[in-house]
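The tour goes from the whole chain to single residues.

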Amino acid sequence: MALYRFKSRETGDLVMTSEHGKRLLEILGKDPSGPGIVLPEQMPGAIDAIRQAIAAEEAELQRLTEEAAARGEPPPHFDAVSLRMRSVPFIEMLQRCQQAGVEIVWGV
């Protein structure tokens with residue numbers, strides 16, 4: 001699958017590249033290899049899981065930057081678009097769908 005297309009009856013489709021869509025699904029504990037669904041009752045936990053992954057990623061990037069500085073090396077190169085930035089549209093979709101009581105599906 002080259003792209004993930006997340007769909008709901010509440011929002012427009014959200015399209016992500018395979019790499020980034022797969023990462024978000026893995027954070028949610030969903031199988032990225034086929035079609036799937038996030039039910040409204042799962043959405044608060046999904047939002048929390050994404051926010052925890054963001055915090056963990058940012059802590060790791062900070063640690064690596066500080067270690068490089070302590071060794072007198074330039075800071076490491078990181079992806080220009082962070083998980084925080086990539087996940088904002090998905091978190092917004094989750095919040096809107098939770099409020100409306102509708103599911104999000106992909107791969108269908």
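Helices (H or I, at least four residues) and strands (E, at least two) are DSSP runs, numbered from the N terminus. With that in hand, trace the chain from the N terminus: the elements run β-β-α-β-α-α-β. That makes three helices and four strands.

Two notes on the source. This is a predicted model, in which local features need pLDDT of at least 70 and side-chain atom pairs count only at pLDDT 80 or more, while totals for chains, interfaces and linings use all residues. Residues are numbered from 1 along each chain as its sequence is written, and side-chain values use heavy atoms, with hydrogens and water left out.

**The whole chain**

Show the C-alpha trace. Along its principal axes it spans about 50 × 30 × 20 Å.

Colour by burial next. Buried means under 20% relative accessible area, exposed over 50%, and partly exposed in between (1.4 Å probe, protein chains only). Of the 108 residues, 32% count as buried.

Then look at contacts, meaning heavy atoms within 4.5 Å. Among contacts with a separation of 6 or more, residues 24 or more positions apart account for 66%.

Select the charges. Lys and Arg count as positive and Asp and Glu as negative; His and the chain ends are not counted. Each charge is placed at NZ of Lys, CZ of Arg, CG of Asp or CD of Glu. The mean positions of the 12 positive and 16 negative charges are 4 Å apart.

**The aromatic rings**

Select Tyr4, Phe6, Phe90 and Trp106, which form one aromatic cluster. Rings of Phe, Tyr and Trp (its six-membered ring) pair if their centres lie within 6.5 Å; planes under 30 degrees apart count as stacked, over 60 as edge-to-face and the rest as tilted. How many aromatic pairs does a search of the whole structure find? It finds three. Zoom in on Tyr4 and Phe6: their ring centres are 6.1 Å apart and their planes meet at 15 degrees, so this pair is stacked. Tyr4 is buried, at a relative accessible area of 3%. Phe6 is buried too, at 0%.

**Met16**

Move to strand E2 (residues 14-17) and pick Met16. Is Met16 buried or exposed? It is buried, with a relative accessible area of 8%. Leave aside neighbours within four places in sequence, and Met16 is in contact with Leu3, Tyr4, Phe6, Gly21, Leu24, Arg86 and Phe90. Draw a distance to Ala2, 14 residues apart along the chain: the C-alpha atoms are separated by 8.9 Å.

**Helix H2**

Select residues 43-70, helix H2. The expected span of a helix is 1.5 Å times one less than its number of residues.

Show the buried side chains of H2: Met43, Ala46, Ile47, Ile50, Ala53, Ile54, Glu57 and Ala68. An α-helix has 3.6 residues a turn, so residues three or four places apart point the same way. What covers the buried residues of H2 includes helix H1 (18-27), strand E3 (36-38), helix H3 (83-100) and strand E4 (104-106).

Stay on H2 for Ala49. Ala49 is partly exposed, at 21% relative accessible area. From Ala49 to Val88, 39 residues apart in sequence, the C-alpha distance is 13 Å.

Step past the helix. Gly72 follows H2, and its phi is positive, near 75 degrees.

**Two last stops**

Go to Arg23 in helix H1. Arg23 is partly exposed, with a relative accessible area of 36%. Not counting residues up to four places away in sequence, Arg23 touches Glu57 and Leu83. Glu66 is 43 residues apart from Arg23 along the chain, and their C-alpha atoms are separated by 26 Å.

Finish at His77, in the loop between H2 and H3. His77 is exposed, with a relative accessible area of 77%. His77 and Thr65 are 12 residues apart in sequence and 9.3 Å apart in space, C-alpha to C-alpha.
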